[in-house]
Amino acid sequence: MLNEIYSEAEERMKKTIEVLKKEFASIRAGRANPAILDKIRVDYYGVPTPINQMANISVPEPRLLMIQPWDKSVIGNIEKAILKSDLGLNPNNDGSVIRISIPQLTEERRKELVKMVKKKSEDFRVEVRNSRRDANDQIKMFEKDGEISEDDARKGIDKIQELTDNYIEKINQLLENKEMEIMEV
């Protein structure tokens with residue numbers, strides 16, 4: 001019973017970490033990363049489609065993204081979608097591929113990005129704590145119903161706290177790495 005609660009809480013916390021990693025990957029940090037295009041949708045015959053489902057995206061140089069659409073007729077739509085996005089990128093379209101030069105980030109923009117990743121990190125820490133609270137509530141309910149002893153409940157709560165501390169530390173590590181990536185010139 002306690003193992004199920006523990007496993008469920010751990011699974012929720014793992015998913016939280018995975019989502020945070022994806023969020024961080026989509027944040028531009030001054031070097032080319034295809035993941036920054038993940039949230040952009042392109043009108044493909046009336047259907048909003050992610051760029052990576054309609055083109056090859058490569059990184060031939062540290063500050064250059066190259067998008068090679070499989071269907072050359074949508075190259076203009078891809079270019080428009082990138083221009084409309086909030087990434088602040090200027091695509092160069094040569095008729096068969098789109099090249100996106102990733103500019104250096106300004107000091108001001110770096111500080112904004114650091115603030116943003118700190119806020120996102122805090123949101124995900126709250127999510128981990130919510131998982132802890134839910135697990136603890138379940139344990140307390142089982143204790144109240146007499147299905148587990150007070151000692152087992154205490155051990156279970158301590159184990160959940162240990163798990164929570166572990167995942168909060170992982171979030172802190174991801175934040176630290178992303179901050180370093182953003183601030184490096």
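Let me start with Arg-41, whose bridge partner in strand S2 is Pro-50. Strands S1 (residues 41–44) and S2 (residues 47–50) run antiparallel and are joined by four bridges; two strands count as paired if DSSP finds at least two bridges between them. Helices (H or I, at least four residues) and strands (E, at least two) are DSSP runs, numbered from the N terminus. The S1 and S2 hairpin has two residues between its strands, and there Tyr-45 takes a positive phi near 50°.

A quick word on the source: this is a predicted model, where local features need pLDDT of at least 70, side-chain atom pairs count only at pLDDT 80 or more, and totals for chains, interfaces and linings use all residues. Residues are numbered from 1 along each chain as its sequence is written, and side-chain values use heavy atoms, leaving out hydrogens and water.

Now, the open sheet. Its four strands come in the order S3-S4-S6-S5, with antiparallel pairing. Strands S3 (55–61) and S5 (91–93) stand at the edges with a single partner strand each, so one side of each has no neighbour in the sheet. S3 and S4 (residues 64–69) pair over five bridges, and Asn-56 has Gln-68 in S4 as its bridge partner.

Is Arg-125 buried or exposed? Arg-125 counts as buried because its relative accessibility is 11%, and the cut-offs are under 20% for buried, over 50% for exposed and partly exposed in between, with a 1.4 Å probe and protein chains only. Leaving aside residues up to four places away in sequence, Arg-125 touches Ile-168, Ile-171, Asn-172 and Leu-175, where contact means heavy atoms within 4.5 Å.
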